[in-house]
Amino acid sequence: MKHDLSEQKFLEYFESLTGRRPRVNHKGEAMLPCPCHDDRNPSLSINARKRVWHCFACNKGGGITQFEMLLRKCDRATARRELRTWLKGKTSGGEATRREIVETYDYTDETGVLLKQVVRFSPKGFAQRKPDGKDGWIWDVRGVRNVPYRLSEVMHTVGTEACFCMLLQNHMLSRV
Ligand SMILES: [Zn+2]
């Protein structure tokens, strides 16, 4: 995994876990609070150039796959699958269900019937889905009527992410 991962993506990965962009020195190294445990004094050392990490508290180290295994307490195959999903799935809805949903935005018609939903994921990404009529979802909103969302409200609560959300929607609509 570490060979097909750019330095940029390596840093983005840790940013998505810690909520902060790692500030690396001239060698590409940084110290971060380890997301695997309560860590007030940063004990996670990363090297973006070599795509490796070592946590002095966990007393473990390795590449990004090993970190994913440690964090999720999963096996290598699962970790690699999760990472692949994360790497390619920032905006695509294809594997969207694997990620954690942190927010949903309902699009309803005049009578309040739900037409579709825009879903925001953690760590990053948006997707759209529509009800399948059987208490489930279909991750494809082609053919769904375009209705305006209460934009002012979204802008107020999530700021620039709402803009992205609208851009994504327009982009998807343009492909229908
Ligand atoms: Zn640790």
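What pattern does the chain follow when read along the sequence? I started my notebook with that one. The model I opened is a predicted one, and its chain reads α-β-β-β-β-α-α-β-β-β-β-α-α. I then looked up the totals and found five helices and eight strands.

**Entry: the sheet.** I turned to strands S1, S2, S3 and S4, which form an open sheet in that order, with antiparallel pairing. At the edges I found S1 (29-32) and S4 (60-62), each pairing on one side only. I also looked up the angle: neighbouring strands here are turned by 15° against each other on average, direction ignored.

Entry: I zoomed in on S3 (residues 52-55) and S4, which run antiparallel and are joined by three bridges. Which residue of S4 is the bridge partner of Cys-55? I found Lys-60 there.

**Entry: the cores.** Next I looked for nonpolar cores. The largest has 14 residues, and Leu-32, Leu-44, Ile-46 and Trp-53 have the most contacts inside it. I checked where its residues come from: helix H1 (7-18), S1, strand S2 (44-47), S3 and helix H2 (64-72) each supply at least two.

**Entry: the whole chain.** How much of the chain counts as buried? I noted 20% of its 176 residues. Last, I looked at contacts with a separation of 6 or more: residues 24 or more positions apart account for 33% of them.

Key
Residues numbered from 1 in each chain as written. Predicted model: local features only at pLDDT ≥ 70, side-chain atom pairs only at ≥ 80, totals over all residues. Pairing = 2+ DSSP bridges. Helix = DSSP H or I, 4+ residues; strand = E, 2+ residues; numbered from the N terminus. Axes fitted to C-alpha atoms, helices over the stretch in contact; angles between N-to-C directions. Core = buried A, V, L, I, M, F, W, Y, C linked by C-beta atoms within 7 Å. Buried ≥ 20, exposed ≤ 12 C-beta atoms within 10 Å, placed from the backbone. Contact = placed C-beta atoms within 7 Å.
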